[in-house]
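Please read this briefing alongside the sequence and the 3D structure. The points are grouped by topic.

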Amino acid sequence: MDKLTGNTSSKNTQELIIEGAGCASCVGKIEMALNQINGVDSAEMNFALRTVTISGDVESTVLIKAIETIGYNASSANDISDDDLLDEKELADEKYYTSLMRQVWIALGLGVPLMIYSVFGGPMTVETSLERGVWLFIGILCAAIMYFAGKHFYIGAWKSFINHNANMDTLIAIGTGTAWVYSMVVVLFPMALPEMARHVYFEATAMIIGLINLGLALEVKARGRTSEAIKRLIGLQAKTARVVRDEKEIDIAIEQVLLNDIVRVRPGEKIPVDGVVTQGRTSIDESMLTGEPMPVEKVEEDEIVAGTLNKTGSILFKATRVGKDTALAQIINMVKRAQNSKPPIGRLADIISAYFVPVVMIIAIVSALVWLNFGPEPTLAFAVISATTVLIIACPCALGLATPMSVMVGVGKAAEAGVLIRNGEALQTASKITAMILDKTGTITEGAPKVTDFIISDEQYTEAYILTVAASIESGSEHPLAQAIVDSAIEKGIEPKSVNEFQAITGHGVEAQLNGQKILFGNQKLMLKNDVVLNDFVNKAQKLADEAKTPMYLAIDNKLAAIIAVSDPIKKDSTDAIKRLQANGIRVIMLTGDNSATANAVAKKVGITEVFAEVLPEEKSNKVAELQAQGEIVGMTGDGINDAPALALANVGFAIGTGTDVAIESADITLMRGSLHGLADAIAVSKATLRNIKQNLFGAFIYNIAGVPFAAGLLYPFFGLMLNPVIAGAAMAFSSLTVVSNANRLRFFKPKEH
């Protein structure tokens with residue numbers, strides 16, 4: 001894993017923490033207010049986290065003022081570290097949870113006894129002076145509960161009213177307020193109402209406030225679990241680093257590490273910042289970032305990444321990226337951005353929510369008027385009950401949570417598997433991919449040519465001697481195949497020797513003198529040109545070529561000594577990963593600039609039937625466009641600069657994280673561990689997340705749409721039943737909890753490997 005991420009977007013982004021947002025309709029109002037500000041490119045609110053991310057060059061004070069103008073409070077999260085922000089959020093959530101639970105006990109302390117009294121036949125009417133006095137006391141007590149346990153609803157409703165808005169607080173405030181006011185009219189002026197209408201609903205007001213607060217409290221508790229992936233990533237960051245300064249090793253805070261500092265890491269310690277090993281040898285566990293279980297050997301000049309775990313040796317390394325520039329910091333930022341973004345399906349919920357509250361208020365008014373004009377006696381009591389129940393049951397809390405909760409868990413789950421999803425749209429589109437284009441070099445294959453075969457023609461030569469001669473003659477060449485031979489020799493402890501009269505022969509190979517002998521190393525044309533007899537070694541070379549290997553002939557004094565084959569090895573799990581994609585009905589296509597023979601040989605090995613070889617970079621993007629024109633939803637996977645145009649044009653671009661920064665920046669999804677299993681994992685997580693969002697949206701929509709008619713009194717003409725406002729309050733509160741719990745099921749999702 002040489003490179004994980006490139007630089008994040010240069011566009012200025014800010015994050016604000018929002019207070020007072022109660023439901024899905026708040027999301028649309030906040031985003032609309034921010035998007036109207038000059039200089040704001042986009043504003044996306046995550047209702048589940050109560051945060052909003054703004055892209056654009058605007059002062060945070062201007063953004064905060066705009067939010068306060070429409071009745072909400074906001075504070076900037078930009079100057080707070082991820083760790084501190086998470087701690088602050090957890091502390092705030094804990095404080096909010098404790099406050100809500102206190103309000104629950106206060107409200108239910110009155111509501112539950114009254115409800116039990118009512119269920120067991122206690123009269124909830126005002127007939128005598130004694131009853132009037134008792135209910136007046138209870139009414140005052142209920143008003144105190146409305147203040148101490150429910151004032152946030154009424155304050156929120158008032159702020160919305162003066163800003164010409166309506167939200168969840170509006171519905172709750174009007175619903176509970178109507179029930180209380182009606183009950184107080186019954187208590188204070190019983191003779192002004194028909195005898196059948198002298199019924200009080202203080203228990204409904206107290207119970208609704210208590211139950212909705214209970215739902216909010218349980219939602220806060222469950223919501224905390226959805227950000228576990230971010231917590232885990234932040235937890236990977238080391239708190240301190242041991243740096244070498246003035247020839248002394250000192251421990252300093254991670255924030256104080258500077259570029260080019262020399263840092264010491266001992267066995268068992270986390271790598272504090274990104275860097276390059278300058279001294280020592282070790283193995284590093286990178287599984288927490290890449291999902292790859294096997295430790296990776298690191299020697300001098302190898303790159304290491306912050307957050308990974310040093311297993312065995314003590315090393316010194318030079319810091320190359322610190323602070324928010326480290327790969328881990330960028331990964332955390334990318335995951336947070338993706339969790340805050342909305343897939344297209346989520347925007348549908350926002351649009352509906354914006355109109356939902358006003359529509360519900362109209363339905364409540366119409367329902368009340370119908371009962372007043374056409375209902376049985378006492379018509380006023382029935383009108384109050386139906387209007388209150390409609391207002392309470394229709395609160396769109398669950399609707400607002402449906403998408404962001406699933407996205408947060410899904411993106412986090414993907415990050416745990418070493419898959420970085422850049423935005424919500426990519427998360428949704430990945431589930432629909434019908435064709436996957438794979439680059440060959442560095443994607444299906446390792447991307448680093450290696451010596452694979454020695455076929456020696458004369459018993460007098462050993463493999464070590466042949467490699468010594470080949471490495472000596474190739475040590476002056478910059479060709480990738482030459483480098484593979486030199487690297488192979490160095491790995492085996494063979495030191496290349498000096499050669500004389502070195503000559504590169506274009507299109508053929510190289511020629512030189514070593515120890516007084518003439519050495520030829522190259523292709524068949526070079527051998528034939530120098531009258532080297534090949535005999536059946538031509539067939540052996542062809543067999544190697546059929547296996548996607550490049551055979552090179554080595555002749556000493558014009559006599560064939562050996563064939564050395566070099567190839568770019570296929571990654572050990574590429575075949576299985578491609579089978580997983582094909583098993584999901586995805587059309588897999590190889591697109592490469594390499595020659596046809598090699599491309600077809602590799603394709604045959606991994607089970608790909610569609611191959612396009614010798615393709616120029618600009619032709620790769622043309623192929624993507626061609627497939628899209630055929631109606632395919634195209635995924636493109638690559639790791640090189642030449643893949644960037646195709647990655648950008650594809651419906652979803654997948655970059656191999658071990659590839660170039662340009663490719664990673666052009667992609668929608670980055671596979672950090674460089675395995676194609678990451679592709680199948682990303683698609684599996686995408687499908688699971690989208691399925692979860694649809695379940696949540698279906699539940700929230702059905703609940704609200706189905707609940708409203710019953711709340712309005714649909715059952716009464718047929719069965720004589722009216723839905724109690726208390727039941728509506730309980731159902732509304734627990735609908736949010738149901739959505740959050742369903743989203744949290746994603747945390748246990750594991751992509752199946754075939």
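**Loop residues and backbone geometry**

Asp557 counts as partly exposed because its relative accessibility is 44%; buried means under 20% relative accessible area, exposed over 50%, and partly exposed in between, with a 1.4 Å probe and protein chains only. This is a predicted model, in which local features need pLDDT of at least 70 and side-chain atom pairs count only at pLDDT 80 or more, while totals for chains, interfaces and linings use all residues. Residues are numbered from 1 along each chain as its sequence is written, and side-chain values use heavy atoms, with hydrogens and water left out.

- Asp557 sits in the loop between strand 20 (550–556) and strand 21 (559–567); helices (H or I, at least four residues) and strands (E, at least two) are DSSP runs, numbered from the N terminus.
- The phi of Asp557 is positive, about 50°, although Asp557 is not a glycine.
- Asn535 also has a positive phi, near 50°, and is a residue other than glycine.
- The loop between helix 17 (524–529) and helix 18 (537–546) holds Asn535.
- Asn535 is exposed because its relative accessible area is 62%.
- Glu377 and Pro378 are joined by a cis peptide bond, with omega about -5°.
- Pro378 belongs to the loop between helix 10 (344–374) and helix 11.

- Helix 11 has 15 residues, which should span 21 Å at 1.5 Å a residue, and its end C-alpha atoms are 21 Å apart, in agreement; the expected span is 1.5 Å times one less than the number of residues.
- Helix 11 is largely enclosed by the rest of the structure, because 14 of its 15 residues are buried.
- Helix 5 (residues 168–188) has 21 residues and reaches 30 Å from its first C-alpha to its last, close to the expected 30 Å.
- Helix 5 is mostly covered, with 15 of its 21 residues buried.

**Cavities**

- The structure holds 2 cavities of 30 Å³ or more. On a 1 Å grid over the protein atoms alone, a cavity is a set of points where a 1.4 Å probe fits but cannot get out, and lining residues have an atom within 4 Å of a point.
- The second largest cavity has a volume of about 30 Å³, where volume is the space filled by probe spheres set on the points, and grid points are joined across faces, edges and corners.
- The residues that line the second largest cavity are Ala179, Tyr201, Ala204, Val384, Ile385, Thr388 and Pro725.
- Helix 11 (residues 379–393) gives the most to the lining of this second largest cavity, with 3 residues.
- The lining of the second largest cavity has 6 nonpolar residues, 1 polar residue and no charged residues. Ala, Val, Leu, Ile, Met, Phe, Trp, Tyr, Cys and Pro count as nonpolar, Asp, Glu, Lys and Arg as charged, and the others, Gly among them, as polar.

**Buried residues in helices**

- Gln103 is part of helix 3 (residues 82–119) and counts as buried because its relative accessibility is 12%.
- Gln103 touches Phe148, Ala149, His152 and Asn213, not counting residues up to four places away in sequence; contact means heavy atoms within 4.5 Å.
- Asn692, in helix 24 (residues 677–712), counts as buried because its relative accessibility is 2%.
- Leaving out residues up to four places away in sequence, Asn692 touches Ser406, Asn742, Ala743, Arg745 and Leu746.
- Ser472 lies within helix 15 (residues 463–474) and is buried, with a relative accessible area of 0%.
- Apart from residues up to four places away in sequence, Ser472 touches Pro496, Lys497, Val499 and Leu514.
- A polar atom of the Ser472 side chain lies 2.8 Å from the backbone nitrogen of Lys497.
- Ser472 and Lys752 are 280 residues apart along the chain, and their C-alpha atoms are separated by 48 Å.

**A buried strand residue**

- Thr637 is located in strand 24 (residues 634–638) and is buried, with a relative accessible area of 0%.
- Not counting residues up to four places away in sequence, Thr637 touches residues including Met436, Asp439, Thr443, Phe654 and Leu679.
- Thr637 and Leu679 are 42 residues apart along the chain, with their C-alpha atoms separated by 8.5 Å.

Key:
1 Å grid on protein atoms, 1.4 Å probe; cavity = no way out; pocket = protein on both sides within 12 Å on 5 of 7 lines; lining within 4 Å. Polar contact = N/O pair within 3.5 Å; in protein donor to acceptor, adjacent residues only side chain to side chain.
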